[in-house]
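Visitor: I've got a structure open and would like a guided walk through it. Could you take my questions one at a time?

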Amino acid sequence: MTNIILVRDVMSKPVTVAKSVPVTDALDKMLDVGIDPLIVVHNDEVVGTVSRYKIAEKLGAKHSSEISPTAIHVSNTIDDDFTFIYEDQEIDVLIPLLQERYKLAVVYDLDNKLVGQVNSGDILGKVQPDGDLSSVMERAQFIEAGERMVHLRRRMIDEKISRFVVMSEGKMAGVVSETDVAIALLKFRESVDDRHQEHQVRNILVQDIMSASVQSAEIGSSVENVIQTMLTRNFGGIPVTDGGKVVGIVTRQSLIQAL
């Protein structure tokens, strides 16, 4: 599958956040650097990761509605189930970890010092799956543009889906992801008085928060070109079409699964 490539050959600089900072700062940092999740540290020790999914989950929770977003700290959204690997190991050891469940691997040196991180983008920059686009895509999940955001969020949680293709009148209207939900909830919580939040949040529709400018890939496109587009433009997924009809979606996870 791969030549001998070591973790140090693909790893990137670790992007960290202190567990004591507000989730608003963590989300801003994720958007600035285009990285999700971030490594959470406390007293120079890695204690877990924080993701846009976890932030959206916390901001959307009913019991958090009376708390200012700036008063919710990363410590309240930490996922302490993270994986690590050493920089001198081969990436063939790392790939199954990213295939199974993890979005990111923490990289240590032989002194157990944090020296890097590896996510799917780092891997795909060096190693790419064989085959055509149909062999690396996954089934697209759909939601209507007029659906309520609260229902979208519920589906994301219950069905463990991070990205939906948005449909309107039988045509693709956009894409909506956990990032869009996290941003929308943060803006909503900051702008709407606590007393009115529970009622007014139900008025937010998927079409209000989706990314409408969607780049799709025709089924005959090369995998290499699609990956290049995803990495260059920092896309998490690209819908795949056949004659204008959405037949699937290529995501970073589906590409890692195909390795």
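Predicted model: local features only at pLDDT ≥ 70, side-chain atom pairs only at ≥ 80, totals over all residues.

Visitor: Which elements do the buried residues of H3 pack against?
Guide: Start with the residues themselves: in H3, residues 52–60, the buried ones are Arg52, Ile55, Ala56 and Leu59. Seen down the helix axis, they fall within an arc of 100°, so they line one face of H3. An α-helix has 3.6 residues a turn, so residues three or four places apart point the same way. The elements that this buried set packs against are H2 (23–33), E3 (45–50), H6 (149–159) and H7 (178–191).

Visitor: E3 came up there. In E3, which residue is the bridge partner of His42?
Guide: E3 pairs with E2, residues 38–42, in the antiparallel sense over 5 bridges. The two strands form a hairpin with 2 residues between them, and Asn43 in that turn has a positive phi of about 55°. In E3, the bridge partner of His42 is Glu45.

Visitor: Where is Pro37, and what is omega for the peptide bond that joins Asp36 and Pro37?
Guide: Look in the loop between H2 and E2 for Pro37. The bond joining Asp36 and Pro37 is cis, with omega at about 5°.

Visitor: Over to E8 and E9. Which residue in E9 stands opposite Met167?
Guide: E8 (residues 163–168) and E9 (residues 171–177) run antiparallel, joined by 6 bridges. One of the facing pairs puts Arg163 opposite Ser177 in E9. For Met167, the residue standing opposite in E9 is Met172.

Visitor: Is Glu169 buried or exposed?
Guide: Glu169 lies in the loop between E8 and E9, which form a hairpin with 2 residues between them. Phi of Glu169 is near 55°, a positive value in a residue other than glycine. Exposed means over 50% relative accessible area. Because Glu169 has 78% relative accessibility, this residue counts as exposed.

Visitor: What does the twist average from one strand to the next in the E7-E8-E9 sheet?
Guide: That sheet is open, with 3 strands in the order E7-E8-E9 and mixed pairing. E7 (142–144) and E9 are the edge strands, each pairing on one side only. From one strand to the next, the twist averages 35°.

Visitor: How many aromatic pairs are there, and which rings are linked into a cluster?
Guide: The count comes to 3 aromatic pairs. Tyr86 and Tyr108 form a tilted one, 6.5 Å centre to centre with 50° between the planes. That pair links distant parts of the chain, with Tyr86 in E4 (residues 83–86) and Tyr108 in E5 (residues 104–108), 22 residues apart. The rings linked into a cluster are Phe84, Tyr86 and Tyr108.

Visitor: What is the relative accessible area of Asn112?
Guide: Asn112 is found in the loop between E5 and E6 (114–119). Its phi is near 60°, a positive value in a residue other than glycine. Asn112 is partly exposed, at a relative accessible area of 47%.

Visitor: Now the sheet with order E10-E11-E12. At what angle does H10 run to E11?
Guide: This is an open sheet of 3 strands with mixed pairing, and its edge strands are E10 (217–218) and E12 (245–251). E10 and E11 run parallel, joined by 2 bridges, and Ala217 stands opposite Val240 in E11. H10, residues 223–232, lies across E10, E11 and E12, and its angle to E11 is about 145°.

Visitor: With which side chain does the side chain of Thr241 make a polar contact?
Guide: Thr241 sits in E11, residues 237–242, and is buried, with a relative accessible area of 5%. Leaving aside neighbours within four places in sequence, Thr241 is in contact with Ser216, Ala217, Glu218, Ile219, Val246 and Val247. The polar contact of the Thr241 side chain, at 2.9 Å, is with the side chain of Glu218.

Terms used
Residues numbered from 1 in each chain as written. Heavy atoms only, no water. Buried < 20%, exposed > 50% of the residue type's maximum accessible area, 1.4 Å probe, protein only. Helix = DSSP H or I, 4+ residues; strand = E, 2+ residues; numbered from the N terminus. Arc of directions from axis to C-beta. Contact = heavy atoms within 4.5 Å. Polar contact = N/O pair within 3.5 Å; in protein donor to acceptor, adjacent residues only side chain to side chain. Pairing = 2+ DSSP bridges. Axes fitted to C-alpha atoms, helices over the stretch in contact; angles between N-to-C directions. Phe/Tyr/Trp six-rings, centres within 6.5 Å; stacked < 30°, edge-to-face > 60°.
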